[in-house]
Amino acid sequence: MTAPRDDEGQLVRALAGGDRSAFSVLYRRYNAPMVRLATAILRNRASAEEVAQDAWVSILKNIARFEERASFSAWAFTILTNAARSRARRDGRSVSFEDGGDGNALADAFDGTGHWKDMPALWEEVTPERLVAGKNLLDHVTAAIDRLPESQRAVMILRGQQGLEAAEVCEMLGISEGNLRVLLHRARVAVRTELEALLR
Amino acid sequence: MEWNVMVSCKHVSDHADPLLDGELGLWESLKLRLHLALCVGCRRFVKQLRKTRDLIRYSTRTEAEDPPEAMVDQLFARAGVPGEDPRS
């Protein structure tokens, strides 16, 4: 089970009592990644925003029944994923995360003997605040994640950014642990390769 | 069982992720660590990947957005939840 953030239990109990400020804190924390995940599933930002709103309504309706056996984030992202899948089905699209491991950003990085063609750069001064091409590095990271293939993006948001447990992510997306590892590895390497190109 | 301890840089790059996540078995982990002790390029790559992982974790904190009051009203109304307004 994902370790909840320190204040999460308190926020959830406050929200169950109808506390709007607790809602605002949870919304600030989770709405943007929820919309980005729904966009990966639906491939449409406007539909994703609608589905995220529907998920928040469902969270509000059911928060009193939320048992803290799972983290709030795992529960909320499960609601969101189910809502996005239902919407995709209504739109006549099937959603599968089993493939999408293609796209190896290191395909041309090695010579015939498996050694680096070019030595990876030394990232001495790589900090979140560092400005590159007019944006800080974290904005470049988010943009790189949003360019990933849908399956890799979904895994990266849930596991890489939100830190949900592997088993929780597998259940949510209907994929095996082996596939999760492949998708996560490809996604991390792709983001690293984009940063490497930016920082050279 | 194969006892070849020499692995290529490509092999290290393929297994760097589970190495960072502590998911490799002892033998595979030893082979990678031996290679890393000898190879500057792979040491740099693993450091890059660790930094990338940390930046990815941190990146979600930059995108917080406040919900507009009218939207909160609408969501609470749709859910049929009265909601305690801190302004009142």
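Reader: Which helix of chain B holds Arg53(B)?
Author: This is a predicted model, in which local features need pLDDT of at least 70 and side-chain atom pairs count only at pLDDT 80 or more, while totals for chains, interfaces and linings use all residues, and side-chain values use heavy atoms, with hydrogens and water left out. Residues are numbered from 1 along each chain as its sequence is written, and chains are lettered from A and ligands numbered from 1 in the order in which they are written. Helices (H or I, at least four residues) and strands (E, at least two) are DSSP runs, numbered from the N terminus. In chain B, the run of residues 40-59 contains Arg53(B), and this run is helix H3.

Reader: Is Arg53(B) buried or exposed?
Author: A residue is called buried under 20% relative accessible area, exposed over 50% and partly exposed in between, with a 1.4 Å probe and protein chains only. Because its relative accessibility is 13%, Arg53(B) counts as buried.

Reader: Which residue of chain A is in contact with Arg53(B), leaving aside its neighbours within four places in sequence?
Author: Contact means heavy atoms within 4.5 Å. Once the neighbours within four places in sequence are left aside, Arg53(B) is in contact with Leu20(B) and Asp21(B) and, in chain A, with Arg188(A).

Reader: What pattern does chain B follow along its sequence?
Author: Chain B has four helices and zero strands, and of its 88 residues 41% count as buried. Among its contacts with a separation of 6 or more, 50% are accounted for by residues 24 or more positions apart. Read along the sequence, the pattern of chain B is α-α-α-α.

Reader: How much area do chain A and chain B bury between them?
Author: The size of an interface is often given as the accessible area lost when the parts come together. Buried area is that loss, found with a 1.4 Å probe and summed over both parts. The contact takes 55 residues from chain A and 45 residues from chain B. Of the buried area, 62% is on carbon and sulfur atoms, and the area itself is about 4500 Å².

Reader: How many salt bridges does the rule find across the interface of chain A and chain B?
Author: A salt bridge is a side-chain nitrogen of Lys or Arg within 4 Å of a carboxyl oxygen of Asp or Glu. One salt bridge joins the side chains of Arg20(A) and Asp73(B), at 2.7 Å from N to O. Across the interface of chain A and chain B, the number that the rule finds is six.

Reader: Which element gives the largest share of the side of chain A that touches chain B?
Author: The elements that give two or more residues to this side of chain A are helix H2 (20-42), helix H3 (45-62), helix H5 (137-146), helix H6 (150-161) and helix H8 (177-199). The largest share is 10 residues, and it comes from H2(A).

Reader: What kind of aromatic pair do Phe23(A) and Trp56(A) form?
Author: Rings of Phe, Tyr and Trp (its six-membered ring) pair if their centres lie within 6.5 Å, and planes under 30 degrees apart count as stacked, over 60 as edge-to-face and the rest as tilted. Phe23(A) in helix H2 and Trp56(A) in helix H3 of chain A are 33 residues apart, so that the pair links distant parts of the chain, and Phe23(A) is buried at 0% relative accessibility, as is Trp56(A) at 0%. Because their ring centres are 5.3 Å apart and their planes stand at 75°, the pair is edge-to-face.

Reader: What angle lies between the planes of Trp116(A) and Phe45(B)?
Author: Trp116(A) lies in the loop between helix H4 (72-90) and strand S1 (131-132) of chain A and Phe45(B) in helix H3 of chain B, so the pair joins two chains. Both Trp116(A) and Phe45(B) are buried. Their pair is tilted, with 5.1 Å from centre to centre and an angle between the planes of 45°.

Reader: How far apart are the C-alpha atoms of Phe97(A) and Ala154(A)?
Author: Phe97(A) lies in the loop between H4 and S1 of chain A, and Phe97(A) is buried because its relative accessible area is 2%. Leaving aside its neighbours within four places in sequence, Phe97(A) is in contact with residues including Ile41(A), Leu173(A) and Ala154(A). Phe97(A) and Ala154(A) are 57 residues apart along the chain, and their C-alpha atoms are separated by 8.4 Å.

Conventions. Buried area = accessible area lost by both parts, 1.4 Å probe.
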